[in-house]
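Please read the following explanation alongside the sequence and the model. It begins with a pair of residues and then turns to the sheet and the ligand.

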Amino acid sequence: MYPAKFDYVAPSSLDEALRLLSESGGEAKLIAGGHSLLPMMKLRLAQPATLIDIRKIPGLNEIRVDAGGLTIGALVTQAQIASSPEVARALPMLSEAAEKVGDLQVRNKGTIGGSLAHSDPAGDLPAVFLAADGEVIARGASGERTIRATDFFVDILTTALEENEILTQIRFPALAPRTGTAYAKFDHPASHYALTGVAAAVTVGDGGSIHQARVAVTGVGVKAYRAEGVEQALTGRGGDALQAAAERAADGVDCNDDIHASAEYRAHLARVFTRRALATALERAQA
Ligand SMILES: Cc1cc2nc3c(=O)[nH]c(=O)nc-3n(C[C@H](O)[C@H](O)[C@H](O)COP(=O)(O)OP(=O)(O)OC[C@H]3O[C@@H](n4cnc5c(N)ncnc54)[C@H](O)[C@@H]3O)c2cc1C
């Protein structure tokens, strides 16, 4: 199917993009890599009157690591993340998730900003963003604000971003010493979207027990979520607690049930891949 007719503009500054966005009265949409928006437009699930292409805006395409952590511009592509040695060192689960997104063509176009702003229930990067306890910087007409990962994903395809805001940066805090991270995914064989994807960050304490665990699951519910039951079951425990803790990966979640997988199967996958992600993260924390 062809998309409905639309106008196209490509502003060269953030201020210009924000002006165009607020003048559109809600009828415009930002486009970055276009690999989520264009399929929706072709299916006529989205019919924006104007596309505001943000790819010419300077300053949104950098990866930076400092003592505070990792900062990634909204326009950095999944391929850039997957191939960045800085990202691999600072946050291995982000490299692993980015390299598992779709295929090379998708990764060459898809951006981290678009991946988070779209809040696809089967997207990979939302799970990593949650498990890393990251935050985004959003720019609107009245200035900048920070939104924490735990407040960001609201519902299916819905985030805490306002209609007239542009996501400019994603920040991931530096990992505490003796922290291991991992991303484990069971993907759809055709699209490679996550039927289940689990991001885990595990910090071990001096005695070798788990001091803190953050676990986030995608592909299972309407949006990516933190598996708090799993996290609680691991705190203060050793590696022998992984199996029982992972059993809680889909607790309280209304699991998606569609032609790709039943709700019951998704819950099962969530438990299995939570155990695998945790086992790898713990091993790395102990190395
Ligand atoms: C065949 C195929 C397979 C795929 N497989 C996977 C997969 O395995 N895993 C996965 O995670 N994803 C997958 N995707 C989705 C892909 O990763 C998308 O590129 C990504 O989800 C969206 O990024 P984008 O830059 O393309 O965003 P776009 O499509 O340009 O935009 C998506 C949405 O985000 C908004 N947006 C974009 N940038 C910003 C910004 N800076 N600030 C505010 N709003 C913004 C847009 O207005 C739009 O509503 C697949 C896509 C295809 C076509």
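Lysine 29 has leucine 51, in strand E3, as its bridge partner. The model is a predicted one, in which local features need pLDDT of at least 70 and side-chain atom pairs count only at pLDDT 80 or more, while totals for chains, interfaces and linings use all residues. Residues are numbered from 1 along each chain as its sequence is written, and side-chain values use heavy atoms, with hydrogens and water left out.

E2 and E3 (residues 50–53) run parallel and are joined by four bridges; strands are DSSP runs of E with at least two residues, helices are runs of H or I with at least four, both numbered from the N terminus, and two strands pair if DSSP finds at least two bridges between them. Helix H1 (residues 14–23) packs on the sheet and touches E1, E2 and E3, its direction making about 165° with that of E3; contact here means heavy atoms within 4.5 Å, and angles, from 0 to 180 degrees, are taken between N-to-C directions of lines fitted to C-alpha atoms, for helices over the stretch in contact.

The sheet as a whole is open, with three strands in the order E1-E3-E2 and parallel pairing. Strands E1 (7–9) and E2 (28–31) each have a single partner strand and stand at the edges, so one side of each is left without a neighbour in the sheet.

Turning to the ligand, one of its oxygen atoms is 2.8 Å from a polar backbone atom of glycine 33, and a nitrogen atom of the ligand lies 2.6 Å from a polar side-chain atom of aspartate 124; a polar contact is a pair of N or O atoms within 3.5 Å, and within protein one must be able to donate a hydrogen and the other to accept it, residues adjacent in sequence counting only if both atoms are side-chain atoms.
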